[in-house]
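Subject: Structure handover

Hello,

Here is the structure I promised to pass on. Please open it first, then read my notes below with the model in view.

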Amino acid sequence: MVTDPRIIQNPKVIDTITYRELRELSYMGATVLHEDAIFPVRKAGIPINIKNTNAPDDPGTMIVEDTCKKPPYTITGIAGKRGFCSLLLKIMMNAEIGFGRKVLQILEEQGISFEHIPSGIDTMTVFIHQDEFTEKEQQVISGIHRAVKPDYMELESDLALIAVVGRGMRSNRGTAARIFASLAHANVNVKMIDQGSSELNVIVGVQDDDFEPAIRAIYDIFVETQL
């Protein structure tokens, strides 16, 4: 389905999805079928047809390596995960060689993985799983102070990440604008924006309380109203 049926009642069914899209969605919380479970079939170049047990005569969803088939909507799916916190660091990064490596090394030494690292000219923000970070937050903070001596450091908790994924996003202008317009209309404040050069997905960070309203707003503008 395009998104979680626990959030959107009777969401549209995805008719065709590529392995790359599936990987993005499954990593960001779409847990019905994990990409790793179909790796051997993907390696052999075999397409998969997922059927609905409750509606076996329906065409279901085709999982393929690639396709020229135009998707019915700009996006293929929406998925997200809760339980993140962010660590904002401010320093003259352009004059500090090895700044990012030193920060990530502190996390590595504490056995903490990071999710995303949006950055500006003089700022760097690291998104981390909150449950991993909480137990060792003071060790991380003191370690960063010793390693890079940031001018400013700020923690923010109870964040969620939402991925909007779709091969149709490459050929449609204004996809990001539509995402942010829908969130603004739903009074959802965007904490983070991340878009890869592949133009296959856009990831936004929001407050945990805004997680479900954000998904509903994005689904509505791309699938229901198709504005």
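The axes of helix H3 (residues 99–109) and helix H5 (residues 137–148) cross at roughly 150 degrees and come within 9 Å. Axes here are lines fitted to C-alpha atoms, for helices over the stretch in contact, and angles run from 0 to 180 degrees between N-to-C directions. Helices (H or I, at least four residues) and strands (E, at least two) are DSSP runs, numbered from the N terminus.

The crossing of H3 and H5 is right-handed. On the H3 side, Phe99, Lys102, Val103, Ile106 and Leu107 take part. They meet Val140, Gly143, Ile144, Ala147 and Val148 in H5. Contact means heavy atoms within 4.5 Å. The residues of this contact divide into 8 nonpolar, 1 polar and 1 charged. Ala, Val, Leu, Ile, Met, Phe, Trp, Tyr, Cys and Pro count as nonpolar, Asp, Glu, Lys and Arg as charged, and the others, Gly among them, as polar.

Some ground rules. This is a predicted model, so local features need pLDDT of at least 70 and side-chain atom pairs count only at pLDDT 80 or more, while totals for chains, interfaces and linings use all residues. Residues are numbered from 1 along each chain as its sequence is written, and side-chain values use heavy atoms, with hydrogens and water left out.

Now the whole chain. The protein chain has 7 helices and 9 strands. Its C-alpha atoms fill a box of roughly 60 × 40 × 30 Å, taken along the principal axes. Of the 227 residues, 42% are buried. Buried means under 20% relative accessible area, exposed over 50%, and partly exposed in between (1.4 Å probe, protein chains only). Take the contacts in the chain with a separation of 6 or more: residues 24 or more positions apart account for 72% of them.

Next, the cores. A nonpolar core is a set of buried Ala, Val, Leu, Ile, Met, Phe, Trp, Tyr and Cys residues joined through side-chain atoms within 4.5 Å. The largest one has 43 residues. Ile162, Ile179 and Ile218 have the most contacts inside it. At least two residues each come from helix H1 (19–27), strand S4 (77–90), strand S7 (152–165), helix H6 (175–185), strand S9 (201–207) and helix H7 (211–224). H7 gives the most to this core, with 8 residues.

What does isoleucine 218 touch, leaving aside its neighbours within four places in sequence? Its contacts are Ile78, Ile162, Val164, Ile179, Ser182 and Leu183.

H6 and H7 also pack together. Their axes lie 8 Å apart, at an angle of about 130 degrees. That makes H6 oblique to H7. H6 passes H7 in a right-handed crossing. Thr175, Arg178, Ile179, Ser182 and Leu183 in H6 meet Ala214, Ala217, Ile218, Ile221 and Phe222 in H7. This contact has 7 nonpolar residues, 2 polar and 1 charged.

Then threonine 16, in strand S1 (residues 16–18). Is threonine 16 buried or exposed? Threonine 16 is buried, with a relative accessible area of 8%. Beyond its neighbours within four places in sequence, threonine 16 is in contact with Met62, Val64, Thr67, Lys69, Thr76 and Arg167.

Finally, two backbone angles. Most residues other than glycine have a negative phi. Aspartate 158, in strand S7, has a positive phi of about 55 degrees. Aspartate 158 is partly exposed, at 44% relative accessible area. Asparagine 187 has a positive phi of about 60 degrees. Asparagine 187 sits in the loop between H6 and strand S8 (190–195), and counts as exposed at 70% relative accessibility.

Best wishes

Definitions and conventions
Angles under 35 degrees count as roughly parallel, over 145 as roughly antiparallel, 65 to 115 as roughly perpendicular and the rest as oblique. A crossing is left-handed if the near helix is turned anticlockwise from the far one by less than a right angle, and right-handed if clockwise.
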